[in-house]
Amino acid sequence: MYLKASDITRYRREGFLKVPQVLAPAETAGFLEEAAAMLSRNKTLHWPSGEGLVMDWVPDAERESAIMRRLALHPVITGIAEELAGRSLRLFKSELLRKESTGSTATPPHIDEFALPISGAPVTLTAWVALVDIPEERGCMSFWPGSHRVKGADEEQDLASHPELMFLPRVTLPLRAGDCTFHHARTVHSAYANETHTTRISLATVYMEAGARFEPRTFYGNGLNDDLSRHLATMQAGQELSGDRFPKIRWKD
Ligand SMILES: O=C(O)CCC(=O)C(=O)O
């Protein structure tokens, strides 16, 4: 067990959990070196905002780099993810995220489930591991406790158009390099802009319940031409998301 029972209870109540130092400092340094190299050599996808860029990212990070695959399938991170989910998980995707030191804008409040082409409501969660220190002013994330349990939220795709959210309590979690947050796919979350001179770099990996099935979503992919989108385009609705493309994250069964 990596977590205390009270951490798991809290995650299920609040929909997110911060776990400090899932990576040892030397591991973080190695992953950061590879991340920086990838961000300069790989083509990135962009999340534009009205005033600039929310962030850009290398899609399919675990397929682009054996080192990033080690991070996406890191035994401590995946072990914690399965304890939180309470079941066996598969890796759905990992993305190497960058919030530039200049010109980046805030990440608007959103729920990930809308962008995941997965049918029903299987357990799905994201591990977001910081590869540099991320204080508030470098764009750390905030979470709305308990929002994953709000019924009806799934009818609203654009949470940015819900200004009332700004008046509800949220929890802002600055991270040290090597710290990780885990959040449920229905938890509302956002991030501040990066107002420092250091680029914010993190890896976000989405894990899904083993047995999850594909559901085409019109807003997923949206003109993207990454490996995952191309793979999903070959799949039928209802097909199990399994095999080497979506590996089980632990090999105990
Ligand atoms: O990195 C961010 O600012 C947002 C990331 C996010 O929304 C996610 O990983 O689900």
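**Note on a predicted single-chain model**

1. T124 is buried, with a relative accessible area of 4%. The cut-off explains the label: a residue counts as buried when its relative accessible area is under 20%. The model is predicted, so every value here is computed from predicted coordinates. T124 sits in strand β6. Set aside its neighbours within four places in sequence, and T124 is in contact with L116, I118, H183, H184, A185, V206, Y207 and M208.

2. Now the whole chain. How many helices and strands does the chain have? There are 6 helices and 11 strands. The radius of gyration is 17 Å, close to the 18 Å that the globule rule gives for 253 residues, so the chain is as compact as a globular protein of that length. Along its principal axes, the C-alpha trace spans about 45 × 40 × 40 Å.

3. Next, cover and contacts. Of the 253 residues, 53% count as buried. The accessible surface comes to about 11500 Å². Carbon and sulfur atoms hold 53% of that surface. Take the contacts between residues at least 6 apart in sequence: 85% of them join residues at least 24 apart.

4. Start at helix α1. Its buried residues are D7, I8, Y11 and E14. Why do they count as lying on the same side of α1? They cover an arc of only 145° around the axis, which puts them on the same side. After α1 comes G15, with a positive phi near 90°.

5. Look closely at Y11. This residue lies in helix α1, which runs over residues 5–14. Is Y11 buried or exposed? At 4% relative accessibility, Y11 counts as buried. Leave out residues up to four places away in sequence, and Y11 touches F16, L17, L84, L125, H148, F182, H183 and H184. A85 is 74 residues from Y11 along the chain, yet their C-alpha atoms are separated by 9.4 Å.

6. Move on to helix α2, residues 25–41. It has 17 residues. From first C-alpha to last it reaches 24 Å, close to the 24 Å expected at 1.5 Å a residue. Which residues of α2 are buried? They are T28, F31, E34, A35, M38 and L39. These residues cover an arc of only 140° around the axis, which puts them on the same side of α2. On the other side, P25, A26, E33 and S40 are exposed.

7. What covers the buried residues of α2? The cover includes both helices and strands. The helices among them are α3 (61–64) and α4 (66–72). The strands include β3 (52–58), β4 (89–99), β6 (124–130) and β11 (200–209).

8. β4 pairs with β3 in the antiparallel sense, over 3 bridges. In that pairing, V58 has L96 of β4 as its bridge partner. β4 and β11 also run antiparallel, joined by 10 bridges. There, K93 stands opposite V206 in β11.

9. Finally, check two backbone angles. Most residues other than glycine have a negative phi. Q21 has a phi near 50°, a positive value in a residue other than glycine. D60 is not a glycine either, and its phi is positive, about 55°. Where do they sit? Q21 is in the loop between β1 (16–19) and α2. D60 is in the loop between β3 and α3.

10. Compare the cover of these two residues. At 41% relative accessibility, Q21 counts as partly exposed. At 4% relative accessibility, D60 counts as buried.

Notes
Residues are numbered from 1 along each chain as its sequence is written. This is a predicted model: local features need pLDDT of at least 70, side-chain atom pairs count only at pLDDT 80 or more; totals for chains, interfaces and linings use all residues. Side-chain values use heavy atoms; hydrogens and water are left out. Helices (H or I, at least four residues) and strands (E, at least two) are DSSP runs, numbered from the N terminus. The expected span of a helix is 1.5 Å times one less than its number of residues. Buried means under 20% relative accessible area, exposed over 50%, partly exposed in between (1.4 Å probe, protein chains only). The arc is that of the directions from the helix axis to the C-beta atoms. Contact means heavy atoms within 4.5 Å. The radius of gyration is taken over C-alpha atoms; the globule rule is 2.2 Å times the number of residues to the power 0.38. Accessible areas come from the Shrake-Rupley method with a 1.4 Å probe; for residues, only the protein chains shown count as cover. Two strands pair if DSSP finds at least two bridges between them.
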